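Dear colleague,

Please find the structure for your review below. My findings follow it.

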Amino acid sequence: MQSTAARGRTELARGLRLQADGPALDAYASLRLARSALVAEPGPALTAVQAAAAAAWTAGDRTACVEALTAAAGLPDDGAPLGAPDGTAQDYVAGLLALLRGRSAEAAGPLRRVVRTALTGHEPEALLLAAAAALLTGDVPDACRAGSRALAAARAAGDDALVARAAEHLAYAELRAG
């Protein structure tokens, strides 16, 4: 029988795989299970709830997205889950949660920090957050910049699933750019 943490890591892997190419709500359910099993591992737990929020967003389930983001807001951000500098993941969570709660003025600062911080580095996951954050704040040029850099970094890493996500983010940004 697997330990709770091992089950959590298994569900996290399944949820991330489903998020890339499966039903979004199935991914959301697996990622919620992962988060509950990974309470003793804050980095993977944060990855699980952030991915759950993204899956809920993809599925159009605002309530589930807010629930996942609220869970993420209570977890420490040591930079490990996304390879992002300290605070970047939580700034993204705080900004998106504020937007979904109708507090756009409160969302702007954290989302702009995500963009500023991520654009100083080369981590594909952090650059994906920056592309999304820039779109959420209406900063289309930075969304294109972050999306294209995320795509290049994902290709350099040889991560096909990440390449697909980065291409999707870049396409959104380029569509907004006209």
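For the classes used here, Ala, Val, Leu, Ile, Met, Phe, Trp, Tyr, Cys and Pro count as nonpolar, Asp, Glu, Lys and Arg as charged, and the others, Gly among them, as polar. On that basis, the lining of the largest pocket comprises 24 nonpolar, six polar and six charged residues.

This is a predicted model, in which local features need pLDDT of at least 70 and side-chain atom pairs count only at pLDDT 80 or more, while totals for chains, interfaces and linings use all residues. Residues are numbered from 1 along each chain as its sequence is written, and side-chain values use heavy atoms, with hydrogens and water left out.

The chain has nine helices and zero strands (DSSP runs, H or I of at least four residues for helices and E of at least two for strands, numbered from the N terminus). Buried residues (under 20% relative accessible area, with a 1.4 Å probe and protein chains only) make up 47% of the 178 residues. The C-alpha atoms fill a box of roughly 50 × 35 × 30 Å along the principal axes.

Ala-153 lies in helix α8, residues 140-157. Why does Ala-153 count as buried? Its relative accessibility is 17%. Leaving aside residues up to four places away in sequence, Ala-153 touches His-122 and Pro-124 (contact means heavy atoms within 4.5 Å). Ala-153 and Leu-119, 34 residues apart in sequence, are 12 Å apart in space, C-alpha to C-alpha.

Yours sincerely

Terms used
Buried means under 20% relative accessible area, exposed over 50%, partly exposed in between (1.4 Å probe, protein chains only).
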